[in-house]
Every structure is written in C-alpha cells, then in structure tokens.
Amino acid sequence: MTHIILFDGQGAVPSSSALRSILSNTAGIQRFQELSELLGFSDIPSMFAYGHATETWYMQPVIFVYESLLFDELDRRSGHAMTPTGNLYYGHSLGLYTALYAAAVSPYEELLHMVISRGLCMQHCSEAVDSGMMAVMTYDTEAIAYVCEIVTRLGGHLYPANYNSFGETVIGRTTSALAQAKELFNMMNIRSVDVQVCGAFHTKLMKSAAAAFNPECEHFDSHAAEYVYVDQSIKDIPSWTSRLTEQIVRPTDFVSTLPSLLTAGGVRPNPDGNSIIEIGPNTTLRRYVNEMAPRHSPLAITQLDDIPNALLTS
C-alpha cells in the first residue's frame, strides 16, 4: 500500500503528556538534549519551561525534532513500511523539512541546522515589522476579497498566507491592518482567529528572512526528493535552493495541493484510515482533508500513544 504521510507546520505545541511520553525513550532524550544545547538552554526542562510558543526561532526546531521522533517510531513499529519506496511525503510549511527527513533526502543533523537557521531568520524579520496572521473561517471568498479591498483603501494591505481549506484562509499583514480586518469580519458575522505566530509568514513581509536564509540552502542536496510532494505554491520552481527560500514568502496552498497529491499517491478511500497519515502536534491537516476529501480521513499521530503497533502495508 502507498502511504501519503503529512507533516504539520508551526501552529501548535506538543502537549505536556505527549512530551513526557516521547522523552521516555533514549532517542527522544538525546535529540531534545542536543536541541536544548543548540538553542542555548542548559537542559531539556529549562527549554520546555521557556514557554514562548509564538517565537518561531524556538518553536520551529522543537516541532521538527518532535515530528522526526514520531516518524521514526512509526516507521519502526510498522516494520519500516514508512520508508521512501512506494510512499509520498508532504510537509505543510515547516513540515516540509520533516518530509525531507522522512524521505531520506538529507541527514537529520543537516536539516535540524537548516530549521534552526530558518527560524532565526524569520524571527529577526518579524521583530523588524509589527505583523501577524489571522485565520478567516468562511467559504465566502468574495467577502475576504472585499475586506482586503477596504483595508487597502484605508492604507493597509492584506496578503493571503495559507489557503488551508475551502472554509479557512489565513491572511497576514501588520497588526494594525489585521485589527481593521477583524473589525470588518465581525461586522459581517464572519469568524476570524489570530494565529499564534510572531509574524506574517508566507507573505512579502518575509523578504528579508528569505534573503538571509538563502545561503543556508545553496548546498542542499536533493538527490532523493522525488518522494517529497511539494506544495503547489512552489512546485513551479525547479531549484530546491530557490524552493526552500521562496517558500518563506509564498502562500501555502493545501486546497490546490491535496487533489493532485491524492492522484499522485494513487490513494483510494480507505475506511481504516491507514493510507493517509498525519504526523504533528495537532490534527490540523486531518481536519482539512476531512472537509475537502472526506472519504480519505487520515490517521492522525500527535503523540506516541497514537501509533498503532502495526499498519496495513499491502
């Protein structure tokens, strides 16, 4: 059986119980101890006590390490059925780096250092511009366009950042422009939710972050990247160096990516939920899949206890 394995991006924090569980094995202790040292903490407890979940320099590497550990344990318990041959890997935003790890494109250490650098570049850029992101929960795309037009007339400008599902679009801009947009959405009885990040990621406001991160990507070796299915927003870029750089400023588009991903994976509806697997701190991507392709509901693995002892592999 072909598995499509989805990896979450930044936006959720592993629960305390999930962290305790993953730190119960040697690999979890080793990787998080290494990360705590790389990020300048004295030990694992002090790193997790930091608690600033919106700071991307901190959260991006934490999520990458967490997802890599979940994937390795899933692969072990499934008799290594998650190896690249016959499987596809998709990562939403930051999750692309875990997808590259799962597909054995680059060594863990190399990708970890890239993620740390990416997070720092995006953090520094965010600190220079008071910006943020907001999820708009509506199927009415014309209403979103109307609000964007009004805010622009008022002197602001809103950028699309994530086309997550038919009913959820994330926009980014300065905090003042987002406040104006939220007021307008409230007047239209449209729900909007502030995204817990420190900047307007996947928008033009991240141009300096992309420029700073580009040197980290110049020597990236993509020899086995044919197993990694990239987001439609960067699929047109032939160079992986440019893909990784441009991903920071281009909006993600899971709405357009999901149908082609299902086709590429040759995945048929599976009532057992084993053909599509989501790995990450929450079940965000499963929610999007359930909305847009309900017959393909994924198995969500947010902590070690979610991993079945065996998965169907044929």
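**Close-up views of the predicted model**

**View 1. The lining of the largest pocket, sorted by residue class.** In this predicted model, 13 nonpolar residues, 12 polar residues and five charged residues line the largest pocket. (Asp, Glu, Lys and Arg count as charged; Ala, Val, Leu, Ile, Met, Phe, Trp, Tyr, Cys and Pro as nonpolar; the others, Gly among them, as polar.) The volume of this pocket is about 560 Å³, the space filled by probe spheres set on the joined grid points. Of its 30 lining residues, Gln10, Gly11, Asn164, Val195 and Tyr288 lie nearest the centre. (On a 1 Å grid over the protein atoms alone, a pocket is an open set of points where a 1.4 Å probe fits, with protein on both sides within 12 Å along at least five of seven lines; lining residues have an atom within 4 Å of a point.)

**View 2. Helices and strands around the largest pocket.** At least two lining residues come from each of α6 (108-128), β3 (131-137), β4 (159-165), β5 (168-174), β6 (191-194) and α12 (284-292). (Helices are DSSP runs of H or I, at least four residues, and strands of E, at least two, numbered from the N terminus.) Helix α12 gives the most to this lining, with four residues.

**View 3. The enclosed helix α5.** Helix α5 spans residues 95-102 and is largely enclosed by the rest of the structure, because eight of its eight residues are buried. (Buried means under 20% relative accessible area, exposed over 50%, partly exposed in between, with a 1.4 Å probe and protein chains only.) These buried residues are Gly95, Leu96, Tyr97, Thr98, Ala99, Leu100, Tyr101 and Ala102. Ala104, which follows α5, has a positive phi near 60 degrees.

**Notes.** Residues are numbered from 1 along each chain as its sequence is written. Local features need pLDDT of at least 70 and side-chain atom pairs 80 or more, totals for chains, interfaces and linings use all residues, and side-chain values use heavy atoms, without hydrogens and water.
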